[in-house]
Amino acid sequence: MLKISFLGDSITEGGIASFYNRSFVPLVEKDLPCVAYNFGISGTKIARHKPTSEDRSALEMVNRVDKIYKDSDFVVILAGVNDYWLSQVPLGKTTDKRDDTFTGAVNLLCERLLKRFGKDKLVFILPLPKMDEGPLRSGITHATLEDYRKIIKNRCDFYHIPTINMNKDLADIKLNFADGAHPNDHGHRVVADNIIKYLKKRFKF
């Protein structure tokens, strides 16, 4: 049976579905002949940020690739919205290879995933829509969420890693989101259906 791992933040973890089994990871497992492993951790980001009340740098996605089961047949990554939400590290340059700029961390994340799994076992989901995607006054980047999406898409294209953009299907924020940022049960179903469609085509179920 196919083993699929999901790397992400609170959305992957299951928030804010009414029950965990109504969030997208278990929905994918239910509808496909696969075992799904959930590596979503609430509040985590791609890039390493300065610690606040506790040092979570080891939990940031760039630094926890080795926690994903190496025998995974496929890995789905949904990340970036918390990097935007904080906007506390520079966006960086396309040539960066450091975990404390966003672009550099995306580069490192891609390279570490490729080394562990190879490009044929990876797909990134671009950050899902939010109620407000404009620059945050408290941030240092003055970037929109779309700017973060473009960086992820650009770096994935560079590393020949496919991406899924399901934002048109989720455009109705009131219908698909519980709080303007986390999918509700309907939104999780939409995310799951997009992933299932991709995986059925990829593995010819």
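Asp157 is partly exposed, with a relative accessible area of 40%; partly exposed lies between buried (under 20% relative accessible area) and exposed (over 50%), using a 1.4 Å probe and protein chains only. This is a predicted model, where local features need pLDDT of at least 70, side-chain atom pairs count only at pLDDT 80 or more, and totals for chains, interfaces and linings use all residues. Residues are numbered from 1 along each chain as its sequence is written, and side-chain values use heavy atoms, leaving out hydrogens and water.

Asp157 has a salt-bridge partner, Lys153. A salt bridge here is a side-chain nitrogen of Lys or Arg within 4 Å of a carboxyl oxygen of Asp or Glu, and the count by this rule is 14. Here are three of them, with the distance between the closest N and O atoms.

| Pair | Closest N and O atoms |
|---|---|
| Arg98 and Asp100 | 2.6 Å |
| Asp157 and Lys153 | 2.9 Å |
| Asp193 and Arg189 | 2.8 Å |

Asp157 and Lys153 sit about one helical turn apart because they are four residues apart in helix H5 (residues 145-158). Likewise, Asp193 and Arg189 are four residues apart in helix H7 (residues 185-203), so about one helical turn separates them. Arg189 and Asp193 also join Lys30 and Asp31 in a network of salt bridges.

Now for the whole protein. Its secondary structure comes to seven helices and five strands, which are DSSP runs (helices H or I, at least four residues; strands E, at least two) numbered from the N terminus. Buried residues make up 52% of the 205 residues.
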